[in-house]
Amino acid sequence: MWKIIQPPSIHFGSGVACNYHYLPNSLVITSKGAISRGWIEYLKIKNFAIFDRVEPNPSIETAEKIISQFKNEKFSSVIGLGGGSSLDVAKFTAFKMRKKKIMIPTTFGSGSEVTSISVLNVDRKKTSFHNEKILADVAVVDPIFIEDTPMEVIKNSAIDACAQCSEAYDSKLGNYYTKFLCDKAFNILEYAIMNEKYENLPLGSLIAGLGFGNCSTTLGHALSYVFSNEGYNHGHALAFTTFAAHKFNLSAYAERFGKIVKKLGFKKIQLNQNLDDAAEIILSDRKHLDNNPKIITRKSIIDLLRTI
């Protein structure tokens, strides 16, 4: 038995974010630079408030600050605008405030616009909140945002999407639907990256989100968070942790994933934390490890960390 959930309304295509009819009196949650980049002007939103201080790898305190600041406002909706960090904060905040959620990604890798997951730092540790009520009501995916995206952002977003769909394909929670979507997404993403056709990344990322959002990422993500806690970008960490996990799991995607990492030219990562302490943190991540296709032990984690 399996269940599929996704936003009731998904809009995809060049110009959809500009042409969507946003409700008046909305709260826009985004990162610094959204106004100067012209994002707000492009959306043509009228009568709105804005919080534009979402940080990379956001903390739960940021969401709590927004809730406290705007708790007495009667917003019609919360609009998340930006990368995965902004969308995760927006979804969590709207969920707590019981507001309509409209998610607009400007980077294409997290798939957050179509998942019921919000990843926030709690006590300086990445924590995944899973709840169907976190799911967006509307996802607006406009490929035009990729046009002026720096290559470093494209790299980290693209490898994130590749990691998510390839890990999810092997997940114990996977089913015919998720495997179909995850494989389709990986094929689109792989072609876009290897042939530098980055305009195809938004579609691949969207499909990846619909796929992994209905099952689970696995070992690669569990391994990555200790690196993210030390300041590595999430995608940069996944480039090496997911590759190591795919080899451990004997995934059909291992070789192809490795070629993508090489094409994108990621620099090696190194963990400063004591391996035993890191293994303890990773072992506690049951949401990812319990769905991994192979059993994970403390020894196997330490061995993997040594190879990364």
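I started with helix 8 (residues 219-228): 10 of its 10 residues are buried, so it is largely enclosed by the rest of the structure. Buried means under 20% relative accessible area with a 1.4 Å probe, protein chains only. Helices here are DSSP runs (H or I, at least four residues), numbered from the N terminus. Among the buried ones I noted His221, Tyr225 and Phe227.

A note on the source: this is a predicted model, where local features need pLDDT of at least 70 and side-chain atom pairs count only at pLDDT 80 or more, while totals for chains, interfaces and linings use all residues. Residues are numbered from 1 along each chain, and side-chain values use heavy atoms, leaving out hydrogens and water.

Next I looked up helix 5 (residues 151-169) and helix 10 (residues 254-264), which pack at about 175° with axes 11 Å apart. Axes are lines fitted to C-alpha atoms over the stretch in contact, and angles run from 0 to 180 degrees between N-to-C directions. The pair is therefore roughly antiparallel, a label for angles over 145 degrees. Ile159 and Cys162 of helix 5 are among the residues making the contact, as are Phe257 and Leu264 of helix 10. Contact means heavy atoms within 4.5 Å.

What about helix 7 (residues 201-212)? Its axis and that of helix 5 come within 9 Å and cross at roughly 35°. Here the contact includes Ala158 and Cys165 of helix 5, plus Leu201 and Phe212 of helix 7.

Last, I checked Leu305: leaving aside neighbours within four places in sequence, its contacts include Leu223, Phe227 and Leu271.

How values were computed: Helix = DSSP H or I, 4+ residues; strand = E, 2+ residues; numbered from the N terminus. Parallel < 35°, antiparallel > 145°, perpendicular 65-115°, else oblique. Buried < 20%, exposed > 50% of the residue type's maximum accessible area, 1.4 Å probe, protein only.
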